[in-house]
Amino acid sequence: MKTLKELEEIRQRTLEEVNLRKDRKGTRVVVGMATCGISAGARPVLLAFVEEVKKRNLQHVTVTQTGCIGVCRLEPIVEVYMPGQEKVTYVNMTPEKVQRVVAEHLVNGQIVKEFTIGAVEKKD
Amino acid sequence: MELYRSHVLVCGGTGCHSSGSADIIRRFNSELKEHGIEKEVKVVQTGCFGLCEVGPVVIVYPEGAFYSRIKVDDVPEIVAEHLVKGRIVKHLLYHDSIDEDEDIKSLDEIPFYQKQKRVALRNCGVINPENIDEYIAFDGYKALAKVLTEMTPEEVIETLKASGLRGRGGAGFPTGLKWEFTYKANGDKKYVACNADEGDPGAFMDRSILEGDPHSVIEAMTIAGYTVGADQGYIYVRAEYPIAVKRLTIAIAQAREYGLLGKNILGTDFSFDLELRLGAGAFVCGEETALMASVEGYRGEPRPRPPFPATKGLFGKPTLLNNVETYANIPQIILNGPEWLQSIGTEKSKGTKVFALGGKINNTGLVEVPMGTTLREIIYDVGGGIPGGKKFKAAQTGGPSGGCIPAEHLDTPIDYDSLTAIGSMMGSGGLVVMDEDNCMVDIARFFLEFTVDESCGKCPPCRIGTKRMLELLNKIAEGKGEEGDIEKLIELGEGIKMASLCGLGQSAPNPVLSTIRYFRDEYEEHIRDKKCRAGVCQALLQYFILEDKCRSCGLCAKACPANAISGQRKQPYVINQETCVKCGACMEKCPFDAIVKR
Ligand SMILES: Cc1cc2nc3c(=O)[nH]c(=O)nc-3n(C[C@H](O)[C@H](O)[C@H](O)COP(=O)(O)O)c2cc1C
Ligand code: FES
């Protein structure tokens, strides 16, 4: 038999999972997953995002994928859409970089400038 | 629990199920394995999304991509393109779900969903009905917990009374009052029952709720048991609803396992359990006293009321009987408070109503709108209008107990009382749209045939009276109508309404009376001019071959089973009206559209 507390636990646990089906509001993280992205390692990046978001219980964040974003040489590319903000494009992503993007950008709202397409292009 | 990056929701409602959604699910699972992403993507079977017309329906989250008319062979493409590479398969998307820039709209921006408000259907198409955890995630069983730990039965009753909820099974009786009567009734034992008989032709609101969200009904019935003081409930569901029966059975077992049914629910001293009773599908068994006779194992015949079920119901004990959709509203009212329901709807009808849209309409399917929405909004905005640019003629609501509403009332805000005022009724929520190709005499005949078949025969006005009415209608449709027939129909109809024992007979004449009220000219045409303007009543039609279009190919003569067509090469063929059986075979065969009926 379930107690009230257990019921609440089931609710929390399952909510994380079904949250995906709620409307597309809040922050969206979009990973480019065309052939170019996948061969450059987009899948581990995507999974790292899913993992991090789950670990930190960020209910307003959805992680999704899209096709080729266009600058294949900079793949894996990740775009972050936050309500009321311009899109931020991160390039040459790795699972390690994901940690910082989640911690600094998604949680604290600080864009990780050095990973963005603007910064990387300048360096080249 | 695993966290997936993507969910594929496949509709498992009856509509989509019968067009192959089970195979689609199987194919998704095998394709996902093939690509090695079965741990990243979850496939979920849900209840009806409402847009059965474009089924089978598949929605992929988090993008919310709405794929329609999916075939098993489309699955590999969706998996390879969308789920592996993230490229949405545009050509398979539902056409109304993308905007001009080909961006996906969110679900509530799709015209079909825009004017809807989903309360009873809130979980249909969102959760997996066979997984109690998903129901719990969307606040399931929270209302039950609140009632058991924080509310007295009186408080539950006051909440329902204040909310203004009225029964969704047809008559619109105030639900709070009914609960109060049963609560106050004297009895050592009481019962709670759910009417899931849904016998109106074309109606499938209750089926979809049971298929898509069975726990909402179970939760509400348990709340009802606590409130009126019952420890046993019955759900009377028709055996023709195998998917609903299966999901209910699973849901009841899961609820028992979690201690949400059975002894000492949630650790309190309240105990309650549920049983299913399968009905054999007689329309009259939806009537409350007949239903209870049937549950007890007797022949499903109604008896006079009073006594009402609230005082003398199942096994002679006080019994609370509500409809599926009524129950599905209740957990939300407990959680959101009575003011919330009060804020939706019209003065005397609060909340929403589910309608099964059918007939001449683009978006055949299931919709839920606030009370007070006009017929025009339902038919043209939600329903997408009438196919082929045809003209609206009438809408039939309330099934065999209801009536036809003509174009002049398209802008009436729909609620219980406005529909009764214009000669129809809410009924359980069937809504059949008719265009210029429908004959109103024929429609009346269709519904009356249904009631004549379904009349249990216990009381003479219903048994004999409806039969006499049907004979008159047949006579008119066959071109043998006489002056005075319309008046006879009206007189008989009024008499049957007054004298019948139960609601079946008391409402059976409505389809006839309302079509006479609004389309009397069509009846008169049938009688005086022997003409059916819609071209439906076969006996009043003749088939002709247009001389200038006929190319003398002879196909029509070959197709005619009665050898009624003759002709020679280079001369137009002709139909012998004496021997013609009006089967229409010639018209179908003619490659030049040279054959017409009028
Ligand atoms: C012939 C006839 C058929 C009926 N069929 C149904 C039905 O299929 N489902 C239903 O809920 N109520 C049906 N009713 C209405 C029930 O008698 C009863 O009023 C209703 O179930 C009460 O529930 P509610 O107060 O929640 O609406 C029918 C009534 C009649 C007279
Ligand atoms: S059954 Fe699938 S949308 Fe209705």
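Start by selecting B:G286 together with ligand 1: a polar backbone atom of B:G286 sits 3.2 Å from a nitrogen atom of the ligand. That falls under the heading of polar contact (a pair of N or O atoms within 3.5 Å; within protein, one must be able to donate a hydrogen and the other to accept it, and residues adjacent in sequence count only if both atoms are side-chain atoms).

Before going on, a word on what is on your screen: this is a predicted model, in which local features need pLDDT of at least 70 and side-chain atom pairs count only at pLDDT 80 or more, while totals for chains, interfaces and linings use all residues. Residues are numbered from 1 along each chain as its sequence is written, chains are lettered from A and ligands numbered from 1 in the order in which they are written, and side-chain values use heavy atoms, with hydrogens and water left out.

**Around the ligand**

Then pick B:N323, where an N or O atom of the side chain lies 2.7 Å from an oxygen atom of ligand 1. The protein buries 90% of the 610 Å² that ligand 1 exposes when taken alone (accessible areas by the Shrake-Rupley method with a 1.4 Å probe; for residues, only the protein chains shown count as cover).

Helices (H or I, at least four residues) and strands (E, at least two) are DSSP runs, numbered from the N terminus.

**Where the chains meet**

Show both chains and select their contact (heavy atoms within 4.5 Å): 33 residues come from chain A and 48 residues from chain B.

Which side chains meet in a salt bridge here? Zoom in on B:E40 and A:R43, 2.8 Å apart, N to O. The rule (a side-chain nitrogen of Lys or Arg within 4 Å of a carboxyl oxygen of Asp or Glu) finds one salt bridge across this interface.

Finish with α1 (4-18), α2 (35-39), α3 (42-55) and β2 (61-66) of chain A, each supplying at least two residues of the side that touches chain B. Of that side, α1(A) gives the most, with ten residues.
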